[in-house]
Amino acid sequence: MAEVIKTKFYEMTPIKLGVEVRGLDLSQEVLPEVIEQIKKDVTEHRIMVFKNQSKISGHRHVEISSWFGELESTFYKHPRSPHPDVFRVSNNASEGCTGVGRTGWHIDGSFQESPFAYSLYYMENIPKDGPTTFAPLNEIITGLSPEKLARWERLCMCSDRRGNRHHPLIYSHPRSGKKVLCFHLGMTEAFIWDKDTEDDRLTDWRETVELIKEIHHEFVKDNGAIQYSHKWEKGDFIISDNQAVGHEASPQTQYPVEEVGLRILHRTTIKGTETPVKKYKVEATEQ
């Protein structure tokens with residue numbers, strides 16, 4: 001059994017990726033020093049699953065989100081959303097936006113100048129099945145062969161939105177400094193090899209598809225051993241470091257209501273503050 005980590009304000013139990021948090025009710029007023037502890041812990045652990053929470057209203061969800069910075073909403077506003085900044089997702093189109101997160105592994109906001117810093121989730125209505133799956137980005141990178149790492153270090157991804165914005169595939173996390181990925185496997189128009197060098201080259205469609213498959217393989221190999229699949233329970237509220245973990249909605253999230261029950265997820269996203277850059281020197285052996 002995992003050892004409980006005790007802080008002055010709450011207890012944390014390590015899980016496969018991140019921690020479960022008990023002893024703090026987010027629906028009530030939270031003191032500034034507690035908020036600072038949460039910020040520190042989400043950077044360290046990447047995912048915090050607050051268990052046994054009271055009902056979190058849309059307004060309170062936004063208040064909690066504002067602890068981490070400016071909210072940024074780039075998504076469709078569903079008429080049933082409880083707040084303009086809350087993205088409402090469902091397996092029923094009359095209740096929320098459908099098909100969300102099913103186009104491939106990604107981080108949120110890869111098409112922005114700065115990807116979203118945090119994503120915060122609350123399951124308003126819990127189905128019998130429909131987990132959200134996460135994966136640690138630094139471990140994806142450190143698990144690469146030297147040859148594959150050298151290839152990925154040369155790449156920039158080009159989003160298929162917002163004027164074909166491009167970012168380095170591997171860059172430095174703005175808070176931890178660790179290597180992470182800026183990517184969306186379902187929203188990539190192309191890649192650039194060796195950007196801003198004399199060998200600068202845009203991939204064609206076939207090469208783009210092969211690179212997407214190559215990246216996808218690292219998330220699913222060994223029967224998805226690196227993945228953490230979060231099975232939602234009543235009272236779960238997740239705060240995730242969006243730039244440290246990739247995620248994908250499982251197929252079950254879009255199963256019919258008649259099969260798994262109604263699924264309604266509320267999500268907010270926090271504006272990023274830094275454009276992705278490499279804050280390290282790529283060694284000659286990685287070129």
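Predicted model: local features only at pLDDT ≥ 70, side-chain atom pairs only at ≥ 80, totals over all residues.

One of the contacts can be found at Thr132, whose bridge partner in S14 is His230.

These strands belong to an open sheet of three strands, arranged in the order S14-S7-S16 and paired in antiparallel fashion. Strand S14 (228-230) and strand S16 (245-249) are the edges of the sheet, and because each has a single partner strand, one side of each remains without a neighbour there. On average, and with direction ignored, neighbouring strands of this sheet are turned by 25 degrees against each other.

Turning to the aromatic side chains, a search of the whole structure gives seven aromatic pairs. Among them is the stacked pair of Phe134 and Tyr228, with a centre-to-centre distance of 6.5 Å and an angle of 20 degrees between the planes. Since Phe134 lies in strand S7 and Tyr228 in strand S14, this pair ties together parts that are 94 residues apart in sequence. Both Phe134 and Tyr228 are buried.

Another pair is made by Phe183 and Phe219, whose ring centres are 5.3 Å apart and whose planes stand at 20 degrees, so this pair is stacked. Phe183 sits in the loop between strand S11 (179-181) and strand S12 (188-193), whereas Phe219 is part of helix H5 (residues 205-224), so that the pair links distant parts of the chain, 36 residues apart. Phe183 and Phe219 are likewise buried. Elsewhere, Trp67, Phe68 and Tyr118 form one aromatic cluster.

Notes
Residues numbered from 1 in each chain as written. Heavy atoms only, no water. Pairing = 2+ DSSP bridges. Helix = DSSP H or I, 4+ residues; strand = E, 2+ residues; numbered from the N terminus. Axes fitted to C-alpha atoms, helices over the stretch in contact; angles between N-to-C directions. Phe/Tyr/Trp six-rings, centres within 6.5 Å; stacked < 30°, edge-to-face > 60°. Buried < 20%, exposed > 50% of the residue type's maximum accessible area, 1.4 Å probe, protein only.
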